[in-house]
Amino acid sequence: MRWRFKLDIKSFLAVLGTAVVYYLGGIDITLRALFVFMVLDYFTGVMRAAVYKEIDSCVGLKGIVKKVCLLILVAVATQVDLVIGTDVARSVTILFLAANEALSILENASAIGAPVPDTLRRTLASWKAQDASKDGVDN
């Protein structure tokens, strides 16, 4: 009976994984980069919270929910592309989200005290200033 339960779980996870990959439009280099940036952003955020002694499970859960929402946006863009017959919406969405995650990694690294090159630091500061000038936009 126990082996049957393990087989059912493995089968369920295989089907779920296949469905997720399908709705995300397959795994390509841009989606892999987004995954890597998402994981690195989460871990650098946890490290930042640890350095400042601000670890909070609610904030961590919010970060995970945010990452799931990013993947939902990729799935929506993939479906838009299927409807209009292109691959533009998915690519633009993934690249935008990956850039946003990369900036967040830089911000976390800078806050922790890691040496961030001046060019990247200036870019981060200018993007943050642009974000601050937008009304109602929350990254």
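User: What is pLDDT, and where does it stay under 50?

Analyst: pLDDT is the predictor's confidence in each residue, from 0 to 100. It stays under 50 over residues 135-139, where the model has 3 contacts (heavy atoms within 4.5 Å) beyond four places in sequence. Where pLDDT is low, the predicted coordinates should not be read in detail. This is a predicted model: local features need pLDDT of at least 70, side-chain atom pairs count only at pLDDT 80 or more, and totals for chains, interfaces and linings use all residues. Residues are numbered from 1 along each chain as its sequence is written, and side-chain values use heavy atoms, without hydrogens and water.

User: What makes H2 and H4 roughly parallel?

Analyst: Their packing angle is about 25°, with the axes 8 Å apart. Angles under 35 degrees count as roughly parallel, over 145 as roughly antiparallel, 65 to 115 as roughly perpendicular and the rest as oblique. H2 is therefore roughly parallel to H4.

User: Why are H2 and H3 called roughly antiparallel?

Analyst: Their axes cross at roughly 170° and come within 11 Å. The cut-off is over 145 degrees, so the pair is roughly antiparallel. Residues making the contact include Leu34 and Met38 of H2 and Lys67 and Leu70 of H3.

User: What makes the set with Leu24 and Met38 a nonpolar core?

Analyst: Such a core is a set of buried Ala, Val, Leu, Ile, Met, Phe, Trp, Tyr and Cys residues joined through side-chain atoms within 4.5 Å. Buried means under 20% relative accessible area, exposed over 50%, partly exposed in between (1.4 Å probe, protein chains only). The largest such core has 10 residues, including Leu24, Met38 and Leu70. H2 (29-51), H3 (57-84) and H4 (88-112) each supply at least two.

Note on methods:
Helices (H or I, at least four residues) and strands (E, at least two) are DSSP runs, numbered from the N terminus. Axes are lines fitted to C-alpha atoms, for helices over the stretch in contact, and angles run from 0 to 180 degrees between N-to-C directions.
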